[in-house]
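Please open the model in your viewer and keep the selection panel at hand. The stops below are meant to be followed in order.

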Amino acid sequence: MRVLVTAASRHQSTHEIADAIAAELVHRGIESVVVPIEQVGTLDGFDAVVLGSAVYMGRWLGEARRFAQIHASALCALPVWLFSSGPVGPADHLIPPGTPADVPVVRRLTHAIGHRTFPGRLDMKRLHFSERTLARTIHAPEGDSRDWNAIADFADEVADALHGERLGVCDQSVQ
């Protein structure tokens, strides 16, 4: 079993989550490879995919949306899990709240088994001027809100499913 863990990240926080997911999968005995989304050319040789994206203004980054569209047929034939990173603040008061707008579409494209949203990290020093302005406008709290235990739990759920029965694949005619 070989799993691709890939994510679109603007300021490395989401890549760090991808690294943590892959490390937990390896700890659970599943070969995992982390590749930045822009460097993935093919899904050949992978038995499952964990796909993630940073969330800005309630949406996935364009690279992640394009990845799902370009690789939809291959993703549809593999077990896929999705994760989002970007809301900031304490878990009971995330900014922005809710599921990112693109996730339902990406789930349909990939027939993803599950999706999880993780709080992200907001470091004003890493942001561009317009991003800092927006963060201040919406009163986004600065700091690292990532919940590493929740990330490990998600990876454990993926590992449990991969260690379980053979997961079904989607009907290619649905696309």
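Predicted model: local features only at pLDDT ≥ 70, side-chain atom pairs only at ≥ 80, totals over all residues.

Residues are numbered from 1 along each chain as its sequence is written, and side-chain values use heavy atoms, with hydrogens and water left out.

Select residues 13-27, helix α1; helices (H or I, at least four residues) and strands (E, at least two) are DSSP runs, numbered from the N terminus. The end C-alpha atoms of α1 are 21 Å apart, which agrees with the 21 Å that its 15 residues should span at 1.5 Å a residue, the expected span being 1.5 Å times one less than the number of residues. Among the buried residues of α1 are Ile-17, Ala-18, Ile-21, Ala-22 and Leu-25, where buried means under 20% relative accessible area with a 1.4 Å probe, protein chains only. Just after α1, stop at Gly-29, which takes a positive phi of about 85°.

Next select residues 48-56, strand β3, which is largely enclosed by the rest of the structure because 8 of its 9 residues are buried. Two strands pair if DSSP finds at least two bridges between them. Strand β1 (residues 2-8) pairs with β3 in the parallel sense over 6 bridges, and there Val-5 stands opposite Val-50. Strand β5 (residues 80-85) also runs parallel to β3, joined by 6 bridges, with Phe-83 as the bridge partner of Gly-52.

The hairpin of β3 and β4 has 2 residues between the strands, and in it Met-57 takes a positive phi near 55°.

How values were computed: Buried < 20%, exposed > 50% of the residue type's maximum accessible area, 1.4 Å probe, protein only.
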